[in-house]
Amino acid sequence: MRAAFYEKLGPARTVLQVAEMPDPIPQSGEVRVRIHASGVNPSDVKMRTGTGSAISDDPRIIPHSDGAGIIDMVGAGVPQARIGERVWVWNARWNRAFGTAAAFVTLPAAQAVPLPDNTDFAAGACLGIPALTAWQAVETDGGVQAGDWVLVNGGAGAVGHYAVQMATAKGARVIATVSSAEKAAHARDAGAECVIDRKREDVAATIRQITKGKGVARAVEVDFSGNVSWLPSVMADYGLIAIYGSSQREAMVAFGPSILGNIGYRFFIVYNQPPALRARAVSALTDMLNRNALKHSIAASFALNDIAAAHEAVESGAVMGNVVVMP
């Protein structure tokens, strides 16, 4: 099979290679998926550069945790009826050496989720990290409620675009922050009621004005270290900050405003969702897909030979939506 891989950490164009590798064979309890689309996420970039949470000692790494395709082979104990099934996959690269940036991937059968016929493979490759992260940020700790003000920082990003849609679908009033007029339009299209250009406006003051001083019941946070200095000032009493990302590994939290505001901080990483929570999330996404209730945003698509350019596009932070590679 054709596969992209790296054998040392470093810049995309320096370490990423594409070559022929042996076709994998599914073991007991596994399926093999012929990959039609492989999702590229910021975490894939961080793993490749050595700044992520899953640095591996494996001598060769095929990157990417997300992907979608068709099951073409099953291992012992997996029903033959699954052959030919359209699926999206999650955690293909988490605690494993070989991800989805290849013609085939083998993984436990439970990690290959049926993909409805109304959803194309590129969209399916956006579900494992972006959509599941957005769902958990919106649903964790009781979930957002109808009428809540919800802040989504980075509302035009891969996770943020889904989070805006999911919160809006629950009846929340969403405030999204963005960095350009084009991204503002993208966030509004997802359902954001108010959009703030963080480069041109005082974000905290504008949020307090929009909410008439009450603040937001929940913040979905992509850059905790970058925004924590002002976040407590825009949270409603007993508000929750759901944190899935940070530009720095350490951040200083102000104790006074946090305790006086009864603010909750929920850190989470979607890779290690407990099985029961994962099942809820997968079920919810399947329902939304079946109802055509989600808009998917594919910012760019690359051939496998151009995987370095795909990684650079994600690293640039300039793309608006998800980046996929077509093996």
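Predicted model: local features only at pLDDT ≥ 70, side-chain atom pairs only at ≥ 80, totals over all residues.
Me: At what angle do helix α4 and helix α5 pack?
Reply: Two packed helices are described by the angle between their axes and the distance between the axes. Helix α4 covers residues 127-139 and helix α5 covers residues 158-169. Their axes lie 8 Å apart, and the packing angle is about 45°.

Me: Is α4 parallel, perpendicular or oblique to α5?
Reply: The two helices pack at about 45°. Angles under 35 degrees count as roughly parallel, and 65 to 115 as roughly perpendicular. The angle of α4 and α5 therefore makes α4 oblique to α5.

Me: Which residues of α5 meet α4, and how many nonpolar residues does the contact have?
Reply: From α4 come Leu-127, Pro-130, Ala-131, Thr-133, Ala-134, Trp-135 and Val-138. They meet Ala-158, Val-159, Tyr-162, Ala-163, Met-166 and Ala-167 in α5. By class, this contact has no charged residues, 1 polar residue and 12 nonpolar ones.

Me: How many of the residues of α4 are buried?
Reply: The buried residues include Leu-127, Ile-129, Leu-132 and Trp-135. Gln-136 and Thr-133 are also among them. α4 is largely enclosed by the rest of the structure, because the buried count out of its 13 residues is 12.

Me: At what angle do α5 and helix α6 cross?
Reply: Helix α6 spans residues 181-190. The axes of α5 and α6 come within 8 Å. Their crossing is right-handed. The angle is roughly 35°.

Me: How many polar residues does the contact of α5 with α6 have?
Reply: On the α5 side are His-161, Val-164, Gln-165 and Thr-168. On the α6 side are His-186, Ala-187 and Ala-190. Sorted by class, this contact has no charged residues and 3 nonpolar ones, and its polar residues number 4.

Me: Is Asn-91 buried or exposed?
Reply: Asn-91 sits in the loop between β5 (86-89) and β6 (104-108). Its phi is positive, about 55°, although it is not a glycine. Most residues other than glycine have a negative phi. With a relative accessible area of 8%, Asn-91 is buried.

Me: Is Lys-212 buried or exposed?
Reply: Lys-212 also has a positive phi, near 55°. Its place is the loop between α7 (203-210) and β11 (216-221). The cut-off for an exposed residue is over 50% relative accessible area. Lys-212 has 76% relative accessibility, so it counts as exposed.

Me: Which backbone nitrogen does the side chain of Ser-65 reach?
Reply: Ser-65 lies in the loop between α2 and β4 (66-74). It is buried, with a relative accessible area of 0%. Its contacts beyond four places in sequence include Asn-91, Trp-94, Ile-129 and Tyr-271. At 3.4 Å, its side chain reaches the backbone nitrogen of Arg-93.

Me: With which side chain does the side chain of Asp-237 make a polar contact?
Reply: Asp-237 is in strand β12 (residues 235-243). It is exposed, with a relative accessible area of 54%. Beyond four places in sequence it touches Leu-260, Gly-261 and Asn-262. The polar contact, at 2.8 Å, is with the side chain of Asn-262.

Me: What separates the C-alpha atoms of Thr-49 and Ala-12?
Reply: Thr-49 belongs to helix α2 (residues 42-49). It is partly exposed, at 32% relative accessibility. Ala-12 is 37 residues away along the chain, and the C-alpha separation is 8.3 Å.

Me: What is the relative accessible area of Thr-140?
Reply: Thr-140 lies in the loop between α4 and β8 (149-153). Beyond four places in sequence it touches Arg-218, Leu-240, Ala-242 and Arg-266. Thr-140 is buried, and its relative accessible area is 12%.

Note on methods. Residues numbered from 1 in each chain as written. Heavy atoms only, no water. Axes fitted to C-alpha atoms, helices over the stretch in contact; angles between N-to-C directions. Helix = DSSP H or I, 4+ residues; strand = E, 2+ residues; numbered from the N terminus. Parallel < 35°, antiparallel > 145°, perpendicular 65-115°, else oblique. Contact = heavy atoms within 4.5 Å. Nonpolar A, V, L, I, M, F, W, Y, C, P; charged D, E, K, R; others polar. Buried < 20%, exposed > 50% of the residue type's maximum accessible area, 1.4 Å probe, protein only. Polar contact = N/O pair within 3.5 Å; in protein donor to acceptor, adjacent residues only side chain to side chain. Left-handed = near helix turned anticlockwise from the far one by under 90°.
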